[in-house]
Amino acid sequence: MEEVSLEKRTYGADEVARLLGVSKAYAYKVIRRLNAELESEGMLTIPGKVSAAYLESRYFGEAKRSEGDAHVG
């Protein structure tokens, strides 16, 4: 059986609430909005989950980099 990547690919409402510092109810609104944006671009979504990379790019400007990708300057 193939091993699944340990890197988090999607966030649920608890994680979105914690990342954005909002209530769980508001986190669900954020997830629905972001999923609607993704669906309008032809992407598939999972109800109650949102792409980690998409959330990070929309709220923080770019996806978080892994330690190996971090620029040292």
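Just after helix H3, Gly-61 takes a positive phi of about 95°. Helices here are DSSP runs of H or I with at least four residues, strands are runs of E with at least two, and both are numbered from the N terminus.

Before going on, the basis. This is a predicted model, where local features need pLDDT of at least 70, side-chain atom pairs count only at pLDDT 80 or more, and totals for chains, interfaces and linings use all residues. Residues are numbered from 1 along each chain as its sequence is written, and side-chain values use heavy atoms, with hydrogens and water left out.

The overall layout, then. Of the 73 residues in the protein, 23% are buried; buried means under 20% relative accessible area, exposed means over 50%, and partly exposed is in between, with a 1.4 Å probe and protein chains only. Contact means heavy atoms within 4.5 Å. Among the contacts with a separation of 6 or more, 42% are between residues 24 or more positions apart.

Next, the helix pair. How do H1 and H3 cross? The axes of H1, residues 13-20, and H3, residues 52-60, come within 12 Å and cross at roughly 25°. That makes H1 roughly parallel to H3. For the terms, axes are lines fitted to C-alpha atoms, for helices over the stretch in contact, and angles run from 0 to 180 degrees between N-to-C directions. Angles under 35 degrees count as roughly parallel, over 145 as roughly antiparallel, 65 to 115 as roughly perpendicular, and the rest as oblique.

Val-16, Leu-19 and Leu-20 of H1 make this contact with Leu-55, Tyr-59 and Phe-60 of H3. By class, the contact has six nonpolar residues, no polar ones and no charged ones. Nonpolar here covers Ala, Val, Leu, Ile, Met, Phe, Trp, Tyr, Cys and Pro; charged covers Asp, Glu, Lys and Arg; the others, Gly among them, are polar.

On H3 itself, the buried residues are Ala-52, Tyr-54, Leu-55 and Glu-56. The buried residues of H3 pack against S1, H1, H2 and strand S2, residues 50-51.

Now the core. A nonpolar core is a set of buried Ala, Val, Leu, Ile, Met, Phe, Trp, Tyr and Cys residues joined through side-chain atoms within 4.5 Å. The largest one has 13 residues, and Tyr-11, Val-16, Leu-34, Val-50 and Leu-55 touch the most other members. H1, H2 (24-40) and H3 are the elements that give two or more residues to this core, and H2 gives the most, with five.

Tyr-11 has contacts beyond four places in sequence that include Val-16, Leu-19, Ile-31, Val-50 and Leu-55.

Thr-10 lies in strand S1, residues 10-11. Is Thr-10 buried or partly exposed? Thr-10 counts as partly exposed, at 28% relative accessibility. Beyond four places in sequence, Thr-10 touches Glu-15, Lys-49, Val-50, Ser-51 and Ala-52.

Last, Ala-27, which is found in H2. Ala-27 counts as buried because its relative accessibility is 0%. Outside four places in sequence, Ala-27 is in contact with Ala-13, Val-16, Ala-17 and Val-22. From Ala-27 to Val-16, eleven residues apart along the chain, the C-alpha separation is 5.6 Å.
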